[in-house]
Amino acid sequence: GCCTFDEPLSSCGYSQSDDDDLNWDQVNAPMKPTSGQGMPSGSFMLVNTSGRFSGQKAHLLMPHLKENDTHCIDFHYYVSSKSGASPGALNVYVKVNDGPIGNPVWNTSVTATWNRAELAISTFWPNFYQVVFEVVTSGHSGYVAIDEVKVLGHPCTKTPHFLRLQSVEVNAGQFATFQCTANGGTDSSDRLWLQGIYVRDAPLKDIRVFNARRFVALFSVVNATKRDAGNYRCMIRTEGGVGVSNYAELIVKEPPVPIAPPQLSSVGATYLWIQLNANSINGDGPIIQREVEYRTSSGSWYDIQPVDSTSYKIGHLDPDTEYEISVLLTRPGEGGTGSPGPALKTRTKCADPMRGPRRLEVVEIKSRQITICWEPFGYNVTRCHRYNLTVHYRYQAGGQEQVREEVSWDTESSHPQHTITNLSPYTNVSIKLVLMNPEGRKESQELVVQTDEDVPSAVPLESIQGSTFEEKIFLQWREPAQTYGVITLYEV
């Protein structure tokens, strides 16, 4: 239909807003007020900005429109001022389903005689929309008017019509791309943008022209966050008017993150059994993949393994090593993997030593002490950071076997040694090293060493006996209690 404003305003279904600062005036030939300079002639809706403060608003509301077929809204507008300064801005809004008024889809503040503009608005059942004409005064005197508002049952001639815009779902931090397909042509002078309600607009990313009657414009909301979620629509401003698509929703999902750390079920030297404990999450589902990330608490080594159950055995670990274990959850879509959840810190058990010490050798032998050395070893042999190295030795003394052991503290040296003291001279000593950790022990090969000889003890005086003869004295005695070697000579 067409509204020329020759009849009362209500006959066209138009209405004034109750939430503005001033009303539009309906002007026609029989009721025309005293004409001032710049006043157009005929019948129309007008806002006289004379005597108005800057920023005052007047809203004129069209009736709700539910046309499902392609249609075009055509109107004429007029902006005039005695001084040549703009009397204000004429804005056009498209309010959908009585929702927020949003941002203007078309506007002008340039003084001009009657001009024509068209609105190519695409809405689809069961949605409806309402066009709102707004004048915002500038503080300068003048007139802003509209006339001959028509709803035409055919496409606009100078402005493309958008096809249905589809909603987009992305994960936070990703690029949300809207694809705006339009029937009609476009050129470099047209302005294309993605308009949102209460969210930032998005500039044109790319345009693909298929032919003179079809093109696709691509828009990206970069690094989308929850604050970017909302309704968006495609916009094109041409020389002849504006094209407006339906609203589509941008849904921004937060990748899921477990609230609690995994739980430890059992522990071994080279494995850890865990329960994922990932039923409670921050973020959005559904969960399509679970992974276990584990790393050494010291160092940079880490690994990630997919998991298809609520429990998991992490194998091939190093003994007696602290690990930090977290669970990663993934929801559908690119960038759907959340940050690692809280970490479980735990340590594997020690393992049985790989072998005993090697290359046990004598460094120095004295009468009462022996110094030994061995091949240095590290964690790859001990398989535990908590271990002891003891020197076990045995020897005969007084007809009885004596067994002793001493802890060696020289385990970190590149040339480890140990000295056994308080031994008896000229004594066979059997020596071996024993490597022990909480899980087991390993021994070296046994080494038999004899201490050096030493000065023997005195001949027992009571054992000395003598016999005298005319030409000689015969003496005899017992060996010293401690010979400390082979006695080769007695001196009298």
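Reader: What does buried mean for a residue here?
Author: The term rests on relative accessible area. Exposed means over 50%, and partly exposed lies in between. Buried means under 20%.

Reader: Is Tyr 395 buried or exposed?
Author: This is a predicted model. The relative accessible area of Tyr 395 is 11%. The cut-off for buried is under 20%. So Tyr 395 is buried.

Reader: Which class of ring pair do Tyr 393 and Tyr 395 form?
Author: Two values describe a pair of aromatic rings: the distance of the centres and the angle of the planes. For Tyr 393 and Tyr 395 the centres are 6.4 Å apart, and the planes stand at 10°. Planes under 30 degrees apart count as stacked. Therefore the Tyr 393 and Tyr 395 pair is stacked.

Reader: And Tyr 393, buried or exposed?
Author: Buried needs a value under 20%. Tyr 393 counts as buried, because its relative accessibility is 6%.

Reader: How many aromatic pairs are there?
Author: Rings pair if their centres lie within 6.5 Å. By this rule the count is twelve.

Reader: What class is the pair of Tyr 294 and Trp 301?
Author: The centres of Tyr 294 and Trp 301 are 5.7 Å apart. Their planes make an angle of 55°. Under 30 degrees would be stacked, and over 60 edge-to-face. The Tyr 294 and Trp 301 pair is tilted.

Reader: How accessible is Trp 301?
Author: Trp 301 has a value of 42%. Exposed needs over 50%, and buried under 20%. So Trp 301 is partly exposed.

Reader: Which ring lies under the charged end of Arg 191?
Author: The charge must be within 6 Å of the ring centre and within 35 degrees of the ring normal. The charged end of Arg 191 is 3.7 Å from the centre of the ring it sits over. That ring belongs to Trp 193.

Reader: Which strands are the edge strands of the open five-stranded sheet?
Author: The strand order is β2-β5-β10-β7-β8, with antiparallel pairing. An edge strand here pairs on one side only. The two are β2 (15-16) and β8 (106-108).

Reader: Which residue in β8 is the bridge partner of Leu 90?
Author: Strand β7 covers residues 88-96. β7 and β8 pair in the antiparallel sense over three bridges. The partner of Leu 90 is Thr 108.

Technical notes:
Residues are numbered from 1 along each chain as its sequence is written. This is a predicted model: local features need pLDDT of at least 70, side-chain atom pairs count only at pLDDT 80 or more; totals for chains, interfaces and linings use all residues. Side-chain values use heavy atoms; hydrogens and water are left out. Two strands pair if DSSP finds at least two bridges between them. Helices (H or I, at least four residues) and strands (E, at least two) are DSSP runs, numbered from the N terminus. Rings of Phe, Tyr and Trp (its six-membered ring) pair if their centres lie within 6.5 Å; planes under 30 degrees apart count as stacked, over 60 as edge-to-face and the rest as tilted. Buried means under 20% relative accessible area, exposed over 50%, partly exposed in between (1.4 Å probe, protein chains only).
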